[in-house]
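Student: Please take a close look at the surroundings of the ligand, and then at the helix packing.

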Amino acid sequence: MTSVNKSRHGFQTDDRALEPIAEKVQSGERLSFEDGVSLYRSGDILAVGWLANLVRERLHGDVAYFNVNRHINPTNVCVASCRLCAFGRKKGDAGTYTMALEEAWQTAGEGYTDAVTEFHIVGGLHPDLPFEYFMDLVRGLKERFPLVHIKAFTTVEVAFLAKRGKMTISETLQRMKDAGVDSLPGGGAEIFSDRVRHIICDHKIDGSEWLETAKLAHQMGFRSNATMLYGHVEEIEDRVDHLVKLRAVQDVTGGFQTFIPLSFHPDNTALAHIPKTTGMLDMKQIAVGRLMLDNLAHIKSYWQMVSPKMAQISLRFGADDIDGTVVEEKIYHDAGAKTPQGLRREDLIRLITEAGRVPFERDTLYRAVTRSEDTFTVSA
Ligand code: V47
């Protein structure tokens, strides 16, 4: 498929506020806070998407990334009572679970036929599990699956484990690294605004602690992802503030690999009265993320969140990655997600191909994965 050459003359809009922004995007100039607000306020989703697609194609041409991964959620017991969450439960409540280590290692090898290249491990903030449980979990996975990249523990979990283990954040990160953690997932960022955090997740570390922990992880050689939860009680300004803060950390460390907007799923949460996000907002979120985060290489449209169908469309609205096979998703399914729990490798390839993009199987660090029989190699 050949790329269309998009010149400034191809840009059309009936929204005057987008014209100066289009000039900046075409000349590669950084967008301001006010530009971010104007992009969110615009009703011309096709124009916003056109601009985001321009940047996306400049960076990645027609390539769209996916991976073969497996999620593991070792426990849903959580000391926090975040109003945004339907997954975490208090110790002793009905429906709690905590995997024994053997069970977690066994789960890691189950449910998927192709060799997975990544374990994505996140879970509740368990009041009693010792720090060593998590390190043993990682060590045991590395022993059994030495080729698989371990992307484990959000900065919120890192901060909690540090407290539990009576260690500094950097000691905790070092112990994680020694045990075999290769990178960090992007969860727990939610929205950095204190006002909003007080409403949706006031038991978590605050926004600046999240950013400082990510910064430290990058300085210690970890790559990590960055998320943003939208579609609840935040204002447009809170979203732009979140993006600008991520961009500022990235200017310093360059350690974020991917930005992943997460649409709020209200079912079974304490915010169940909030309506679900719409397709317009989901696509705009991807597009504005692509346009504001000029120093981040990848924008992931997580198919579990926006649905496989919308993930396909998003590949024309700024996204270059749709995430992976996942196999078993619990966090959004507890909150009412209607998507499948996992997809097969062939399904992801089909979604990407039908969107007119070229599928590229990546590992967690965006290196090419080549498959043979029941194993894989990663190019340097
Ligand atoms: O931090 C929790 C979100 C996140 C709900 O790094 C909810 O590659 C919507 O961060 N509605 C965890 N969202 C998942 C996550 C993630 C997912 C995929 C890939 C990567 C990556 C990271 O899920 C939490 C929170 O922001 N979440 N509850 C809910 N009801």
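Tutor: A polar backbone atom of His265 is 2.8 Å from a nitrogen atom of the ligand, a polar contact being a pair of N or O atoms within 3.5 Å. This is a predicted model, in which local features need pLDDT of at least 70 and side-chain atom pairs count only at pLDDT 80 or more, whereas totals for chains, interfaces and linings use all residues. Residues are numbered from 1 along each chain as its sequence is written, and side-chain values use heavy atoms, with hydrogens and water left out. On the oxygen atoms of the ligand, a polar side-chain atom of Glu190 lies 2.5 Å from one oxygen atom, and a backbone N or O atom of Gly187 lies 3.2 Å from an oxygen atom. In total, 23 residues surround the ligand (a heavy atom within 4 Å); the closest are Lys151, Gly186, Gly188, Glu190 and Tyr332.

Turning to the helices (DSSP runs of H or I, at least four residues, numbered from the N terminus), the axes of H3 (residues 45–60) and H11 (residues 279–292) come within 9 Å and cross at roughly 45 degrees. Axes are lines fitted to C-alpha atoms over the stretch in contact, with angles from 0 to 180 degrees between N-to-C directions. The contact (heavy atoms within 4.5 Å) includes Val48, Leu51 and Val55 of H3 and Met283, Ala287 and Leu291 of H11. By class, the contact of H3 with H11 has 11 nonpolar, one polar and three charged residues, where Ala, Val, Leu, Ile, Met, Phe, Trp, Tyr, Cys and Pro count as nonpolar, Asp, Glu, Lys and Arg as charged, and the others, Gly among them, as polar.

Definitions and conventions:
Polar contact = N/O pair within 3.5 Å; in protein donor to acceptor, adjacent residues only side chain to side chain. Helix = DSSP H or I, 4+ residues; strand = E, 2+ residues; numbered from the N terminus.
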